[in-house]
Amino acid sequence: MNLSPKVINLADYTKPNFEVNNVYLDFQLEKTNTIVKNTMQISRLSQGPLVLDGENIDLISVKINNKLLGKEQYKITNSKLIINDTPNKFSLEIINTINPSINNALMGLYVSDNKFCTQCEAEGFRRITYYLDRPDVLSKFKVKITANKNDCPYLLANGNMIESGELPRGQHFAVWEDPFPKPAYLFALVAGKFDILESSFTTMNKRKILLSIFVDPGLQQQAEFAMKSLKMAMKWDEDNFGREYDLDRFMIVAIRDFNFGAMENKGLNIFNSSLLLADEKTTTDLNYERIESIVAHEYFHNWTGNRITCRDWFQLCLKEGFTVFRDQEFSADMRGATVQRIKDVKRLRKFQFSEDSGPLSHAVRPDSYIKIDNFYTSTVYEKGAEIVRMLKTLLGPDHFRAGCDLYFKKLDGLAVTIEDFINCFAEASDTNLDQFLLWYNQSGTPQVHVSYVKNKDKLELTFNQILTTNSTGKKKEAQVIPIKWQIIGNKGPISKQRLTVMDGFTKTVSIKYPDKDFSISILQDFSAPINLHFKQNIDDTLRLMESDENDFNRWESGQIISRTLISSASKLITYNNSPDLGKPLDCYTRTVNNILNNNNLNNAFKTLVLTIPNQNEILNANTKVNPIAVQLARNWLNKEIANSSREELVETYLRLNKNSPNTKSMSSISDRALKNLCLFLLASRHDPVTKEIAIKQFHEATNMTDELSSLHSLDIFDRELANDSIDLFYNKWKNNPLVLDKWFSLQASRNHKRGLSAIIELTQHKLFEITNPNRVRAVLGSFSAENTIIFHKEDGTGYEFFIDQILKIDRVNPSVASRLLGVFEVVEKLDNDRQIKIKSLLKTIINANPSSNILEITTKILG
């Protein structure tokens, strides 16, 4: 057992001592014995041996300049091929075999439903052939694929197809060439039987691009929404960033067995089928939203990730943070800026703030890692996007765009660093951004405390930032924090929006003291990813909820009150007391009712206001928390909202259910969201009307959003009553893998009468597949994240079962196992008894000879 796996440090980075100018890969595809012939043109850059990466490869031969090397002329380890004596320029030919059929880790070349597929980011290419598998080695790839034509009529790789033809014995071949240099992690190969949806896009320079989406036979129509999303993304990127697509063809392939959501391989994106295939009967509105966003995200990577890539994996946020920002801006234009901003912040708080406040906290650019797979995190992605957003706020849209243009012009075709990225904006705006770089290098969420006093006729507002000491004991430096704020009166704003930029630990600003009742709306639009501490009384906060014209902060004011109510109620419940919170509760529910009845607000915004904070937000704001008490407190608040607005909820549900058309328009999506939230809230108060309308909605639903929502509400209303409908749902959809994942997820999230035994049975179900990441996440991800009552049961049986499953998954797919294990990042927020149980069980992982993936996560959680 290796309890001290190698730690990779940013400080140890050195340039490669060789470059690979060109690569010619020749694949003879067989499921159990694929032959790979890898011919590289290599040049020496500095002294030292040639050290190539490789794992699970059977080497056949090595040649330099067509001369076969003897085994004494090279050395093979578990992960390296080392050649000490090479010319300065030479051709290196490596022939090896691999077995894709047993590659359940789904990294490298593997087989999914009789299709060949690759996943090479971050370090999967080394499982295909020996190579300098690092992002700063950029090469031009030419690829020949040979396979049985009946089994694999389509042979795909990066770039443009330049040749294809028939071969004897039922074989055929295709040759692909990518004219753009790329690192090995962007290599892609797919071969198999597909149906194709094709269309075209004409670029701003009148180039006609062939667009092809490859899906399982019979599912061609389910790719139409993804195709529409792709075209919108291509046009949006031209209009907003001036980025034109650069190849003759853009391809997307849907694969059922895939570790991630999607992968941006140059010209050949590979998608998890759950994030590409869609139709109204099988796809929820949320799924449609995610498909649109992720199709755009992967396409945007063509420039922010592919044409310009990262020098090393510590710079991962360079491509991911920037691209997440771009896809968020795209979604804001497609679906409404305020609603999108609220959703982005809700996700940030649920995942990234939890990560930043626990043992898995790390800088956006970490300084070390054991497995880079563990750093595809919310910190790198979502916090990375927030940093780019702050950059735009600080510089203004014109200078920000100028910085982007300079970045694309100056660094095209290079592997670069965060400093290179930021320097482009500094140069374009003539601004010193050295201090701003601290956002990339310091972990943790800044705590900003705000207070105000009246000083003669002035209102003085003081901002203080507090940064926790990092794990090495080094004191953190003050960060640049842009804070938008405004004075709000009873009828709306009574001052202009101001931008205060903190560049020290304390900053005081002043304005004329208002001559009427006011509240201060701080951190408008969530202008920085911070925790804001600002004490205002209930009346001041309610004024913002009623009158703030900044809709983000209007929503946020309600969240502040509801977080306080839930936290207070959970403490009472922990000590077996009934929540009774008087005026704050009455004022809050009355204001929520007013917003529900406000015809000037759209239904998407109303839905967000009526949705209370998630459990992680409550944990982040407290310590020594009983998570079951938090869940019961959330249930209590939902019930109180429903009690206060019962008649309005019924009326709203009936009106929207009758009048809303079944379309994918934003108005229809918003109507469905509010309608189904009304139904859920009515179920929360066990209102008798729930039974009739939920069952009716389930049987008459013409879309998956309504069908699933009715099941959720029935389960809240009466879980025994819900069983029959959930069984009908299973029998209806059991032959559709993507919908069946939804059934597994629903069942794993339920507070079953039989408790943990019902969850165990899901892992023993005949259709549960431990080798399929979607199915594993549907069961164990939903159980650990959504089933608070059973997962966090006081006796620890939920934790014990979960960790036993993690160890089983780790033996199949370490990457999936480590991501699931991250649910314990909140351990320090839990009460002492649960902390002890979790940490004791985590220690059993260390003794179970785990992969480096989950060993890294486990040891960090244990400290």
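Biologist: What lies over the face of F194?

Modeller: K115 does, at 5.7 Å from the ring centre. A charge counts as over a ring if NZ of Lys or CZ of Arg is within 6 Å of the ring centre and within 35 degrees of the ring normal. R243 likewise lies over the face of W303, at 4.5 Å from the ring centre. This is a predicted model: local features need pLDDT of at least 70, side-chain atom pairs count only at pLDDT 80 or more, and totals for chains, interfaces and linings use all residues. Residues are numbered from 1 along each chain as its sequence is written, and side-chain values use heavy atoms, leaving out hydrogens and water.

Biologist: How many aromatic pairs does a search of the whole structure find?

Modeller: The search finds 48. Rings of Phe, Tyr and Trp (its six-membered ring) pair if their centres lie within 6.5 Å; planes under 30 degrees apart are stacked, over 60 edge-to-face, the rest tilted.

Biologist: Why is the pair of F300 and F330 called edge-to-face?

Modeller: The centres are 5.8 Å apart and the planes stand at 80°, so F300 and F330 are edge-to-face.

Biologist: What makes F300 buried?

Modeller: Buried means under 20% relative accessible area (exposed is over 50%, partly exposed in between; 1.4 Å probe, protein chains only). F300 has 0%, so F300 is buried. F330 is buried too, with 0%.
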